[in-house]
Amino acid sequence: MNYSVRETLELNKILDLLAEGTNSALTVKKIAGLEPMTNRRMVQDALTETTEAVSVIMYKGSIPVGNIEDLNTIIGMVRRGRCLSMRELISVRRGLTAAREVKAFLAGDMPADLRIIPELGSLIETVPKLENDIGIAIISEDEMADNASSELKNIRRDIRNKNEMIRSKLHKMISSNAAKTYLQEAIITIRNERYVIPVKKEYVNLVPGMVHDQSSTRATLFIEPQAVVNLNNELKQLFADEQAEITRILKSFSERVAEHSYVLENNQKILIELDFINAKGKLSCTMEGSEPSLNEEGILEIKNGRHPLIDSKKVVPINLEIGRSWTTLLITGPNTGGKTVTLKTIGLFALMTQSGLHIPADATSTIPVFNEIFADIGDEQSIEQNLSTFSSHMINIIKIFEKAGPNCLVLLDELGAGTDPLEGAALGIAQLEKLKELGVLVVATTHYTELKKYALATQGVMNASMEFDIETLSPTFKLRVGLPGKSNAFEISRKLGLSDSIIDRATELLDEEQLEFEDAVSKMEADRISAEAALREAGKTREKAEEEKEEAEKELELARKEAVKVIEKAKTEAREMLKEAKIMIEDIGEELRSIKDIQGNTGFNDGHIADGIAKSKAALRKAEGRYARREIDVPVTLQTGKIPDSEILKPGMRIKHVKLNQKGEVETVPDSRGNLLIRIGSIKMNVNIKDLILIESEVAGNKERKRRRYSNISYNKSKNIKTEINLIGENLDDAITIMNKYIDDAFLAGLKNVSIIHGRGEGVLRNGLRRELKHNKHVKTFKSAPYNEGGEGCTIVELIGKK
């Protein structure tokens, strides 16, 4: 793809923004050489890379590539057998560390459905042993650690010892009384890597040894005393041994680096690629871009496209398509109205897509992969472009005709401009016809009315215009596809205060056909504005209806939840009543058995038994009366004359068999298929619920039965029930059962306080019973009895009063 179009459409500025998101100069170099691709598969893979990078960034942040070391020179050196310096080994270690960290990052928790980035991560090879060894051995660019090798450690220990010996000897010399005479200062210094002392020149003969230096005044000579010459020689040899060992270690590391040179080279390429992909993802996030779909039909459709180099707060999105119903789009409108920006946006989006970059537009946008993109744009608003002359336009268009063909995009700014309007318009029409024959997609801008008419009359050519607000005398930068633009010269002049007489005379000078065309355009524009207003109003009405519908659905859902709560509450209360009723039945049975036992043991006659039974029946009637005074609000509505709900239909209800026209009673509840047993007279039969209806008299009777069934049980226990119970000797489980039964009886008898005697012992029985009392619904409080009433051996229980 030709390089000039990149400059014209400002792709280079986008690449500069892309480079700002990288971490390495190597990646910047790769971006500088980036070329739009023409292979559809390669373009799709590049776009997928960017999409995956956005997913990773949004999920867990940017890929931690860091500053990638350029190891190419180092790799070349070790392959030729060169020895690396400590600085170069540090660079190798950084490269190994970066590769290891990136591999670990990509091997961790990642978004689903990634393909390219994880695959690149899996290709990274780590060399932890070499990385770790270099880290231990090399402290800085000019310092090797003692632990680099055992030999180096021993040599440096000997150096320290030798230094200490020399300094010790010299210290004795300079500390003597005689030294005060010949020493300039009582110090030990170094000259030519050997220990020396400063001696006054006149006393040089008193200090045998080697002179290594003198002061600037020549009054002081730096002499290595003969006593330490051999020690200094030994020290110097140790320094040489140290350097030799360092060289050996560096050579050993260099050989190991050479062994892994291909790993280092491959890792560097992968890290550069990952840094590049990560930069594409960051750029997409910055410009709120999305991946456009690619198509092979040559259709270019942009939805809410925003030029990426214009402030996002000011840019006006464009919507357009070309390649489906028309292959040429002709844009008209006022100067500075956005025509050229629209033209550049289209071309830039195509270049960005074919470079593997997301575009700042909706994800539903679709762009074909062009073989070539041509642009002849003279941008009067850009200081980087000079005004194009007619000649330069013609030279560019001639080149386009030579190279353009199917699957190409041609962008032409101010078609036919720079010459006589009539000739320019004629040339413009001829050029569009030629490009149409070549099978290219064309987007062009113009001011000429003849070109607007050509678009209206020609199949495959569509008008578009940049909207202009005549009231504010300013462009809105909105693109309107399907309508030619109006010049608005007369209206703008009138708004600016030009005399009406001049405007009227100018109107007279226009030919009738021109006036009719402008009037037609004005009418179309007015109709469009009216239609858009109606559409906006319809949209508001629809939104309001949607909101009301949503609110109604919320209220319905709340009502359903409330109904469920009421039913659950009714069921809970019913279970409590059944429990109380069961207790009452057990108590009556126990009393009847007691009466029978008394009869057998004391000789009670039938009269006594009848009297006991009569008392029990009276108690039941009394309990039934209390039940009737406490109704449960169960949200069930019995509707007569309709098919009853299977949950409402219960045994004993009065029903009517529709087909038999006979009344009867329900014997069993319906099963899952709605089948149940009913009785009509003395005959029982199986029927389906859909053949039955409730009869009217059942409503009142059913409600009365509900009150009887769910009324509160209140049974008056015997007046002779004791206010205490003795559980000493019982095991804990039996004692709990007996105590709970006793408390139920005491509660029904209306007692307020009772005593539970359990003894002291080890406290097992006492503690177990008290734990149980905490959960008994009839117990208000409990405490240990007073000392004179049993103390810890007895628990006083206060019961909740009956309502």
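Student: Which residue is the bridge partner of Lys656 in β21?

Tutor: Ile693 is the bridge partner of Lys656. Strands here are DSSP runs of E with at least two residues, and helices are runs of H or I with at least four, numbered from the N terminus. Keep in mind that this is a predicted model, where local features need pLDDT of at least 70, side-chain atom pairs count only at pLDDT 80 or more, and totals for chains, interfaces and linings use all residues. Residues are numbered from 1 along each chain as its sequence is written, and side-chain values use heavy atoms, with hydrogens and water left out.

Student: How many bridges join β17 to β21?

Tutor: Three, and the two strands run antiparallel. Strands pair if DSSP finds at least two bridges between them.

Student: What order do the strands of that open sheet come in?

Tutor: The order is β20-β19-β18-β17-β21, with antiparallel pairing. The edge strands, β20 (683–688) and β21 (692–694), each pair on one side only.

Student: Switching to helices, at what angle do α3 and α12 cross?

Tutor: Roughly 70 degrees, with the axes coming within 9 Å. Axes are lines fitted to C-alpha atoms, for helices over the stretch in contact, and angles run from 0 to 180 degrees between N-to-C directions. That makes α3 roughly perpendicular to α12 (65 to 115 degrees counts as such).

Student: Which residues of α3 make the contact?

Tutor: Leu26, Thr27, Lys30 and Ile31 do, meeting Gln268, Ile272, Glu273, Asp275 and Phe276 of α12. Contact means heavy atoms within 4.5 Å.

Definitions and conventions
Parallel < 35°, antiparallel > 145°, perpendicular 65-115°, else oblique.
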